[in-house]
Structure formats: C-alpha cells, structure tokens
Amino acid sequence: MRKVCIIGGSGKLGRYLIAHCLERGYDVTAVCRPESVGKLADLADRIAVVPGRTDDREVVARAVTGCDGVLVVLVPFGVRGYSSGTARAVLDHAEPGARLVFSCGWHITRDGRDRYTRRFRLMVRAMTVAARAIRFADIDDQVRACELIFASDAAWTVVRGSDLAEGPSEGLPVWARHVGDPVLASNLTMRTDYALFMVAALTDDDLVHEAPAIVGRGTPSARAHAEAA
Ligand SMILES: NC(=O)c1ccc[n+]([C@@H]2O[C@H](COP(=O)([O-])OP(=O)(O)OC[C@H]3O[C@@H](n4cnc5c(N)ncnc54)[C@H](OP(=O)(O)O)[C@@H]3O)[C@@H](O)[C@H]2O)c1
C-alpha cells in the first residue's frame, strides 16, 4: 500500500483514519466538504486535501486517481442519496484492483443472517423515520449504498461499527460475520480503533468481500476471543 484516499477526512473518524495512515507512511489525499477544509489546516503540509462533497463524482474521480487504497466514511446526510452517491462515485472511479474500505453501522446486513435485538431494530426504525421526517438524514440510503457495494466485483470491505466512544486505543478490534455473535456483546469500540481496523483492512486480503461487525477488545468476551485467535 502506497497511496491512500480518505473520502470524508475531516470528521471524527476521518481524522483517525488520516493519523493511522500517516503512521504507516502512506501518501494521503483527503476529500472533505469545502466548509470543512479548515478542520484539516494543521495537516496541510502532510496530506493533500481535495475540497468537495463526497458524492461529487468529478471530485472523487480526481482524488482517487493513483490510489491503491480508498477509505470511505459512508454517511447518510440529507435526503438526496448522499451515501449511495458516494459509494457509486468510489466504485466507478477507483483504480482497478484498489482496496476499498467503507464504514457503516451494525444495522447494515449483508445476508440477512444478523440477529438483532428487538430494542435495536426499534431504535434503528425510529431513527430512520425521525431523521427522514426532518430531512436530516436518510438511513435507508446507507442501506442502498451497501447493496451497491455488496453487488460490486471491486475488492471491497464494509466495516460495520458498534457504538463508538472516544478514548485511548484498546488495540485492533475483534470481529464477527454476524451481529448476535457473543463476541460482540459489549457493543462498544473506541473510535480510534474503528479507524485502526479500517486501515488494517487495506492490507488484509482475508477481509476482501467481507462485512465484519467489529467490537473493541475492552470486554472480557472480546478479550477471550482475541486471545483464542
Ligand atoms: N457514531 C456512531 O456511534 C457510529 C456507530 C457505528 C458506525 N458509525 C459509522 O461511523 C462513520 C462515522 O460516523 P461518526 O458518527 O463517527 O461521524 P464522523 O466521523 O464525525 O463523520 C461524519 C462525517 O459526515 C460529514 N458530514 C457532517 N454533516 C454533513 C452534512 N450535512 N452533509 C454531508 N456530510 C456531512 C462530516 O464532514 P465534515 O467534517 O465536513 O462535517 C464527516 O465526514 C459512519 O459511517 C457511521 O455510519 C458511527
């Protein structure tokens, strides 16, 4: 891995993605909304910044040129297909063979075999309806975005995050193929470790065409799983 593009680099997760990539010596280009360019000012001499919305096909095409890895913070803001537009732009314009790693939450299911609690399902449905009613976000569009990714032949990984918290690293998160696996019981990952997992996925061929649901190593169940692996 030499050159990595981070689509959505100025947010909380994006900043961690940039930091982990720089630590590995990767050449980093970050796309962020024009109004957020100032949030990356402290990194201006270490990364290239391409201002633009992450669903702007021309912006994405320019930013991913020459990149062998693309990390995508997939967010569903607004009600005009922001997530699916972002996913489509990356899938259409990334270099052939590039590793593509997308973020989303546990609510995304690839094969319908995830086991959700009734409380979780109700919460996701309530958030979907409320966010759409005020035109704040369209969570169903993040679902559509992931369907596009799952149907693609590109070398993708969709990393499904648990609840997130700020704090010191607990190391590389553990993962399961399906929500409901006992290893995921704590439903908590440090945001820096979520980014760590996404960056590690760039060079982990075992994660190609996987949608790992991840959780931090901070709980006894996750620690036991990590030690047994
Ligand atoms: N938060 C959680 O508990 C949680 C749990 C599981 C998974 N995830 C996943 O983690 C990823 C990052 O989520 P996060 O909550 O941690 O947030 P985050 O890292 O702060 O990222 C939010 C991103 O959305 C952009 N954004 C904010 N408002 C926007 C708008 N109105 N229009 C377009 N873009 C906008 C931000 O860009 P600017 O810098 O330009 O504002 C930033 O790139 C997402 O894929 C999410 O599905 C989050």
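Guide: Helices, at least four residues long, and strands, at least two, are DSSP runs numbered from the N terminus. Please note that this is a predicted model.

Visitor: Where does His209 lie, then?
Guide: His209 is in the loop between H6 and strand S10 (213-215). Its phi is near 65°, a positive value in a residue other than glycine.

Visitor: And is His209 buried, exposed or partly exposed?
Guide: His209 has 15 C-beta neighbours inside 10 Å, so it counts as partly exposed.

Visitor: What about Asn187, what is its phi?
Guide: Asn187 has a positive phi of about 55°, although it is not a glycine. The residue belongs to the loop between strand S8 (174-176) and strand S9 (188-190). Asn187 is partly exposed, with 16 other C-beta atoms within 10 Å.

Visitor: Turning to the helices, at what angle do H1 and H6 pack?
Guide: Helix H1 (residues 12-23) and helix H6 (residues 191-201) pack at about 55°, and their axes are 8 Å apart. The two helices are therefore oblique to each other, and H1 passes H6 in a right-handed crossing.

Visitor: Which residues meet there?
Guide: On the H1 side they include Leu13, Tyr16 and Leu17, and on the H6 side they include Tyr194, Ala195 and Met198. By class, this contact of H1 with H6 has 9 nonpolar, 2 polar and 2 charged residues.

Visitor: New topic: how many bridges join S5 to S6?
Guide: Strand S5 (residues 99-105) is joined to S6 by 7 bridges, and the two strands run parallel. Arg99 stands opposite Ala155 in S6.

Visitor: Why is S6 largely enclosed?
Guide: Strand S6 (residues 155-161) is largely enclosed by the rest of the structure because 6 of its 7 residues are buried.

Notes: Residues are numbered from 1 along each chain as its sequence is written. This is a predicted model: local features need pLDDT of at least 70, side-chain atom pairs count only at pLDDT 80 or more; totals for chains, interfaces and linings use all residues. Axes are lines fitted to C-alpha atoms, for helices over the stretch in contact, and angles run from 0 to 180 degrees between N-to-C directions. Angles under 35 degrees count as roughly parallel, over 145 as roughly antiparallel, 65 to 115 as roughly perpendicular and the rest as oblique. A crossing is left-handed if the near helix is turned anticlockwise from the far one by less than a right angle, and right-handed if clockwise. Two residues are in contact if their C-beta atoms, placed from the backbone, lie within 7 Å. Ala, Val, Leu, Ile, Met, Phe, Trp, Tyr, Cys and Pro count as nonpolar, Asp, Glu, Lys and Arg as charged, and the others, Gly among them, as polar. A residue is buried if 20 or more other C-beta atoms lie within 10 Å of its own, exposed if 12 or fewer, and partly exposed in between; C-beta atoms are placed from the backbone. Two strands pair if DSSP finds at least two bridges between them.
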